[in-house]
Amino acid sequence: MTKALLPTGCYDSLPPYARQESEISHTLLSIFESFGYEQVSPPLLEYSDSLLSGRGSALSSQVFRVMDSTAHKVMGIRADITLQIARIAMTRLSHAPRPLRLCYNGLVLRMQGEHLRKNRQLCQTGIELIGASSAEADAEVIFIATEALKKIGISNISIDLNLPGIVGALLATEKLNEEQLQVLLNAISHKDISAINNLSFSYRDTLIGLLQSAGAAETALAAIERLDLPDSARRGCSELRQVVEILRKRNNPDWTITIDATENRGTGYHSGISFSIFAEGAACEVGRGGRYKIQGENSKTDSEATGFTLYVETLLDILPKIEPSKRVLVSGGIGDNTASELRNDNFVIIYALSEYGICANEAKRLGCGYIYKDGEVLEVTG
């Protein structure tokens, strides 16, 4: 039926997955709150000049736009929740003491899916730590992400740390034209060392060294620290080492920590250490995060923040499916006490309607493994 078609990348969440999605989101939020992160809920729609201001411009190509016929202003459907949280922190919660810890859960809609994550409709659950710029802050959000994943049953994970600003630091003094810059960025994205060798710029060998250093954290750090780096890039590498050392002190054998300094899988606004979290069975990241800068409503200076987003749909794909509930078909004549007792015994009560009757076949049709008859719960057989 054509009327039932949905836009590409959008979906209906059906039983029992809709319930599992809600339960996962609730569990994740509970973990975040146990670390002092308080929940906020920004709107799905905002005026586009607010939604795309500052570092939000990095998401401009992903935002669906609609016209507000009342205010005659263009609105945008959010493609990411992080910068909405930043806006709340710097306006509505500008009086709150720093560091400010906030968490969220909600849907976003994007113009295009990613290479491995085709959905344009995504459920994001995450945290933001606002007003902190230390390695301890970066390590805190990574640790909380791992704790949240462990709580829902995912423990064997790989944490890939990145420095998305390091390429800009290497190219800061270069005079590359737009075409050369695009060729270079494309080569970096595809790890194409031969293409980089065809270009001439000061830190070419350093950039190639960074690409070749990707791998296990300590080995990668040792290789990076031997390279010729500008001071700004060296500071980033020093912070990266601190984050690794803090995480190692947790001594979690289920973590694999890697470094790929030039990787930039994020949404374009990360300015410091960023990271992606991978789990066995998932084709793409289960979570993504990092440090970024935000500007207050009346402020001329940026404030640092860091956080992460977990993708609930991706988590659903690799978690065990929930066990079906025990469903019992009962006649409408049972008393409230009996109904309460059945629910207390973990039964889901399905009331039989007279037009359909109450029998074994009806129970099977409705997915009930039991019938309540003559004061007893009887298992449906055959």
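1. Helices (H or I, at least four residues) and strands (E, at least two) are DSSP runs, numbered from the N terminus. This is a predicted model, in which local features need pLDDT of at least 70 and side-chain atom pairs count only at pLDDT 80 or more, while totals for chains, interfaces and linings use all residues. Residues are numbered from 1 along each chain as its sequence is written, and side-chain values use heavy atoms, with hydrogens and water left out.

2. Arg117 sits in the loop between β5 (100–109) and β6 (121–130). Is Arg117 buried or exposed? Arg117 is buried, at a relative accessible area of 6%. Buried means under 20% relative accessible area, exposed over 50%, partly exposed in between (1.4 Å probe, protein chains only).

3. Contact means heavy atoms within 4.5 Å. Leaving aside neighbours within four places in sequence, Arg117 is in contact with residues including Cys284, Glu285, Tyr311 and Thr314.

4. The largest nonpolar core has 72 residues. Such a core is a set of buried Ala, Val, Leu, Ile, Met, Phe, Trp, Tyr and Cys residues joined through side-chain atoms within 4.5 Å. Helix α4 (residues 135–151) gives its largest share, 10 residues. Phe32 and Phe308 are among the residues with the most contacts inside this core. Another core, of 21 residues, lies apart from it and includes Leu83 and Met90.

5. Helix α8 (residues 204–213) is mostly covered, with 7 of its 10 residues buried. Among them are Thr206, Leu210 and Ser213. The cover includes α6 (178–189) and β9 (255–259). Gly215 follows α8, and its phi is positive, near 160 degrees.
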